[in-house]
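Colleague: I have a model open and would like to learn how to read it. Could you take me through a few of its features?

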Protein chains: 2
Amino acid sequence: MIEMIIDKLFDRVEHFGNVCIGLDTAPDYIPEAIKAQKENVQDRLFEFNRRIIDATKDIAACYKVQIAYYEAQGLRGLQAYAKTVSYIGDLKIPVIGDVKRGDIAKTAQMYAKAHFSGDFEVDAITVNPYLGIDTLEPYYDYLKKGKAIFVLLKTSNPGSGTVQNILSKDGKTVYETLGERLMEEGQQHMGSYSFSSVCAVVGCTHAQEGERLRQKMPNTFFLIPGYGAQGGKAEDLKGYLTNGNGGIVNSSRGIILAYRRDNPDNLPFDEASRRAAINMRDKIKQAAGRND
Amino acid sequence: MIEMIIDKLFDRVEHFGNVCIGLDTAPDYIPEAIKAQKENVQDRLFEFNRRIIDATKDIAACYKVQIAYYEAQGLRGLQAYAKTVSYIGDLKIPVIGDVKRGDIAKTAQMYAKAHFSGDFEVDAITVNPYLGIDTLEPYYDYLKKGKAIFVLLKTSNPGSGTVQNILSKDGKTVYETLGERLMEEGQQHMGSYSFSSVCAVVGCTHAQEGERLRQKMPNTFFLIPGYGAQGGKAEDLKGYLTNGNGGIVNSSRGIILAYRRDNPDNLPFDEASRRAAINMRDKIKQAAGRND
């Protein structure tokens, strides 16, 4: 039987909570201790990630690796990306490639191949829908093999409304119209817990919008960025979730840079990350009304 | 003085015509002759591209390299991508990285760094605007240094309307609303020929829409995909252009696979590409009313 990553995500959220740790690792985040050990940028990026993963693997529901940070370091950076996603995969923990790819026809097939097989293989990727619902089709063959996609719906940046919030003639925003289409598409790819492998990205900086989308899209699992640094609060998250499940909440710098920002005990960077992840997990559990 | 790529594109269109050759190279496009010479996928991809570039460099206005095809081959594919864009750059011919990236804040900065410096440096990239106009800002520092961006407006795929054609309350499509915003943004980045470094992607499979956008966006240079294989015709192109300039027309498989598709004389693949590029250039010139 095929293991569906959407089921595994649901199970991990039940067991470990909603935290998705974002490994958006830039070379200037690396502490001196690692720089002294490792000479090359690719080794430094990977070693930093590896130690955070090892310190948080019983706290995080999953990891999200933001490919842009690695692409910015060229080929060597992408070596570190490949090594990081493969390390997480070997631990049997869900790993999302935050690649926000989006293209048409055969080109979309190429992106699907790039991120669901080979060097960069991950369990799920983020996808940009601007080019149309038909551009999602090349990913469906992989969903049948257990993979998942997170389609950008409503993002967490201040200017996200330029396109996403345009009001159509029938009084719906672009992201609502798109959400309805995604729900339909998702029906063909349902997991065991009534959540589909066609998932959505819904930022937690727009609490009312998130709550409305949750009501309209009961079978869509959410990746929720914007927590912490971008202003999203635990209190706002309850409405995005269903009995505390149905979504993962991403934090990147809030966790991986905790050693610089919130570290009165001067913990090593990986332990500081662990503490930040535990705090975040517990805050969300409490806000979601799950104090088990 | 800074050389602006938008000016160089305009000059090259004046001199060489409107053809943009799309190097969307998949391993199964490579002829046996190259496979016999080169063992590794990265060497094969690069050698195929190199020979096409050498055979067409006095025909093409520019090249567009579709990164998805290389990403699909993992790290080795991206080596070939890096080598290809750098080879074109060394010839002083404009090269567009068709990467369709789009992300927010610091992540967008990382994509700008990834594609406007280092291993993957190109003269211009394609950018996805779904996340909002504010997500273009990180690219502007590079525009000041002469680079350009092509923002997806109206694409050439059959399903492009899902988001792009949603009609707003005030009777405009999403792509028209976005086009107006792009025009405004572009005013800060004008080149010497009244075309801005903030350019747009407008597919040639929607001739009336293209013509209307040209009228509304007189200062926006267009990258026009969809020619040939996707159904776009030379006759339809006149309306996208201004006195035959203001746009480049991309063809990928129509040129790089000409040796398989339209090769009665059994020319070597690079010569077949050259002939296809010349045909396309001349057809567009004629359709645009430029028979100089």
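Modeller: We will go from a pair of helices to some strands, then a loop glycine, and end with the chain contacts. This is a predicted model, where local features need pLDDT of at least 70, side-chain atom pairs count only at pLDDT 80 or more, and totals for chains, interfaces and linings use all residues. Residues are numbered from 1 along each chain as its sequence is written, with chains lettered from A and ligands numbered from 1 in the order in which they are written.

Colleague: At what angle do helix H6 and helix H7 of chain A pack?

Modeller: Two packed helices are described by the angle between their axes and the distance between the axes. Here H6 (residues 105-116) and H7 (residues 137-144) of chain A pack at about 30 degrees, with axes 7 Å apart. H6(A) and H7(A) are therefore roughly parallel (angles under 35 degrees count as that). Helices (H or I, at least four residues) and strands (E, at least two) are DSSP runs, numbered from the N terminus.

Colleague: Which residues of H6(A) and H7(A) meet?

Modeller: Ala108(A), Gln109(A), Ala112(A) and Phe116(A) in H6(A) meet Pro138(A), Tyr139(A) and Tyr142(A) in H7(A). Contact is taken as C-beta atoms, placed from the backbone, within 7 Å.

Colleague: Which strands does E5(A) run parallel to?

Modeller: Strands pair if DSSP finds at least two bridges between them. Four bridges join E4 (residues 124-127) of chain A to E5(A), and these run parallel; Ile125(A) has Ile149(A) as its bridge partner in E5(A). On E6 (residues 198-202) of chain A, five bridges join that strand to E5(A), again in parallel, and Leu152(A) stands opposite Val201(A).

Colleague: Is strand E5 of chain A mostly covered or uncovered?

Modeller: A residue is buried if 20 or more other C-beta atoms lie within 10 Å of its own. In E5 (residues 148-154) of chain A, seven of the seven residues are buried, so the strand is mostly covered.

Colleague: Where is Gly226(A)?

Modeller: Gly226(A) lies in the loop between E7 (222-224) and E8 (247-251) of chain A. With 26 C-beta neighbours inside 10 Å, Gly226(A) counts as buried. Its C-alpha atom is 6.1 Å from that of Thr205(A), which is 21 residues away along the chain.

Colleague: How many residues of chain B are in contact with chain A?

Modeller: In chain B, 48 residues are in contact with 49 residues of chain A. H6(B) gives the most to that side of chain B, with six residues.

Conventions: Contact = placed C-beta atoms within 7 Å. Axes fitted to C-alpha atoms, helices over the stretch in contact; angles between N-to-C directions. Parallel < 35°, antiparallel > 145°, perpendicular 65-115°, else oblique. Buried ≥ 20, exposed ≤ 12 C-beta atoms within 10 Å, placed from the backbone.
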